[in-house]
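Have a look at the sequence and the model below, then follow the points in order.

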Amino acid sequence: MGFLLEIRAEIEPTEDKEKVIKAIKNIFPYVEISVEDNIIYGKSNDGSSLDRFFELIKVQRIVDAALRYLDRSTTGNVVEIKLNRLAAYRNSVNFSSSARLPIYVKITTEHWERIRRELEKCIMS
């Protein structure tokens, strides 16, 4: 397996499903979205699905903090993170371990070190 991006976000009864989808698409515009019951799922097998995510990290100048968070969230070939949904709706990346109703993101790749090095290059530029 080369790359798999999986996303999950629960929808509260008072929430607008389309706004939650927009929050996900703001960060990961190329994921395929499906909705089952009150859960939104996103999936992609294309590594370029992370491009917008990394672009926002660079623009927000949070590369160092992002690398530390991603490192702590990595086990073998799997990276599991939580993103703040409101920040994502506003086109911003905000990592959160305590966010209420986060966007759950799971990245499975054999090439995490190469992806990490690409992100590290953002510090230099």
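1. In which loop does S96 lie? S96 belongs to the loop between α4 (85-89) and β6; helices (H or I, at least four residues) and strands (E, at least two) are DSSP runs, numbered from the N terminus. With 10% relative accessibility, S96 counts as buried, where buried means under 20% relative accessible area, exposed over 50% and partly exposed in between (1.4 Å probe, protein chains only). Leaving out residues up to four places away in sequence, S96 touches Y69 and K82, a contact being heavy atoms within 4.5 Å.

2. A word on the source. This is a predicted model, in which local features need pLDDT of at least 70 and side-chain atom pairs count only at pLDDT 80 or more, while totals for chains, interfaces and linings use all residues. Residues are numbered from 1 along each chain as its sequence is written, and side-chain values use heavy atoms, with hydrogens and water left out.

3. Next, the sheet. It is open and has 6 strands in the order β2-β3-β1-β6-β5-β4, with antiparallel pairing; two strands pair if DSSP finds at least two bridges between them. At the edges are β2 (32-36) and β4 (74-75), each of which pairs on one side only. Helix α1 (residues 17-27) packs on this sheet and touches β1 (3-10), β2, β3, β5 (78-83) and β6 (103-109). The direction of α1 makes about 150° with that of β2, where axes are lines fitted to C-alpha atoms, for helices over the stretch in contact, and angles run from 0 to 180 degrees between N-to-C directions.

4. Please look at the hairpin too. β2 and β3 (residues 39-44) pair in the antiparallel sense over 5 bridges, and I33 stands opposite G42 in β3. There are 2 residues between the two strands, and D37 in the turn has a positive phi of about 55°.

5. Which residues of α1 are buried? They are V20, I21, A23, I24, N26 and I27. An α-helix has 3.6 residues a turn, so residues three or four places apart point the same way. At the start of α1, a side-chain oxygen of D16 comes to within 2.9 Å of the backbone nitrogen of E18.

6. Most residues other than glycine have a negative phi. R61, in the loop between α2 (51-59) and α3 (63-72), has a positive phi near 60°; R61 counts as exposed because its relative accessibility is 76%. N91, in the loop between α4 and β6, has a positive phi near 65°, and at 34% relative accessibility N91 counts as partly exposed.

7. Now the rings. F28, F53, F54, Y69 and F95 form one aromatic cluster, and Y69 is also one of the residues that S96 touches. Rings of Phe, Tyr and Trp (its six-membered ring) pair if their centres lie within 6.5 Å; planes under 30 degrees apart count as stacked, over 60 as edge-to-face and the rest as tilted. The whole structure holds 4 aromatic pairs.

8. Charges sit over two other rings: R8 lies over the face of Y104, at 4.2 Å from the ring centre, and K22 lies over the face of Y89, at 4.8 Å. The test is that NZ of Lys or CZ of Arg is within 6 Å of the ring centre and within 35 degrees of the ring normal.

9. Finally, is T109 buried or exposed? T109, in strand β6, counts as buried because its relative accessibility is 3%. The side chain of T109 reaches the backbone nitrogen of H111 at 3.0 Å. Beyond its neighbours within four places in sequence, T109 is in contact with G2, F3, N77 and I115.

Notes:
Polar contact = N/O pair within 3.5 Å; in protein donor to acceptor, adjacent residues only side chain to side chain.
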